[in-house]
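Hello,

Here is the structure we talked about. Please look through it before reading my notes.

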Amino acid sequence: MPSLDGAVVLVTGANGGIGTHFVHEALARGAVKVYATARSPRAWDDERIVPLTLDITDRASIDAAVAAAADVTVLVNNAGATPPSASLLDVTEADIRANMETNFFGPVFLARAFAPVLAAKKGSVLIDVHSVASWYAFGGAYSASKAALWSATNSLRIELAPMGIHVTGVHMGYVDTDMAAHADGPKMLPTQLVTTVYDAVEAGEYEVLADELTKGVKAALSGPVEALYPDLRSTDA
């Protein structure tokens, strides 16, 4: 089974609430080094944490990160963004493209770039952070980008398995971070999510359904679309 004990971890979006917990929990589980990446990385009060500049939407930045972190055994694709509007009709074309760059192209190209690095080490892991929005289209461009990443993760899982790289996809509802500050309803604590994710990785699981909302939405995918979106019936002529 994959293990965080002795691992070298790279976390994207490490400055954020979830990313910070990915960094600290990896160390708590025995990781020997964590690359904490961000466009503007912050200082960390731990010599085992290496701040690293990384813009996942920039190919040169990705290449520089691969060169600087050639000892990585666990890649956590955590960085993400939300567009200014949840409406595909109201948001600008530029915002849609920018959201796809951050939530889809960035993680995919980062995984591709680090694949040879991960393949060179036994027990390597790729973790892709999706969302319940992968399956439930309440977020416009955000939902579309996360659905695309989910599909790409499934493809990467198949392609990377023969190289000995374990791929885990993560789906969850709202998490209590700045990104979800506007949202009402129940929210997971970041530490609860990260603990669930790392537990799943070390158990060899391929997919994390982190809360009951996510489990319910995934189960509903096998039913008619109007069951998942009951408001559609009120618009029927």
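This is a predicted model: local features need pLDDT of at least 70, side-chain atom pairs count only at pLDDT 80 or more; totals for chains, interfaces and linings use all residues.

Residues are numbered from 1 along each chain as its sequence is written, and side-chain values use heavy atoms, with hydrogens and water left out.

Helices (H or I, at least four residues) and strands (E, at least two) are DSSP runs, numbered from the N terminus. Helix H1 covers residues 17-28 and includes Thr20. After H1 comes Gly30, with a positive phi near 105°.

Buried means under 20% relative accessible area, with exposed over 50% and partly exposed in between (1.4 Å probe, protein chains only). Thr20 is buried, at 16%. Other buried residues of H1 include Ile18, Phe22 and Leu27. The buried residues of H1 pack against several elements, among them strand S1 (8-11) and helix H5 (190-202).

Contact means heavy atoms within 4.5 Å. Leaving out residues up to four places away in sequence, Thr20 touches Ala14, Asn15, Arg42 and Trp44. The Thr20 side chain also reaches the backbone oxygen of Ala14 at 3.1 Å.

Thr102 lies in helix H3 (residues 93-119) and is buried, with a relative accessible area of 13%. Beyond its neighbours within four places in sequence, Thr102 contacts residues including Arg39, Ile56 and Pro107.

Regards

Methods. A polar contact is a pair of N or O atoms within 3.5 Å; within protein, one must be able to donate a hydrogen and the other to accept it, and residues adjacent in sequence count only if both atoms are side-chain atoms.
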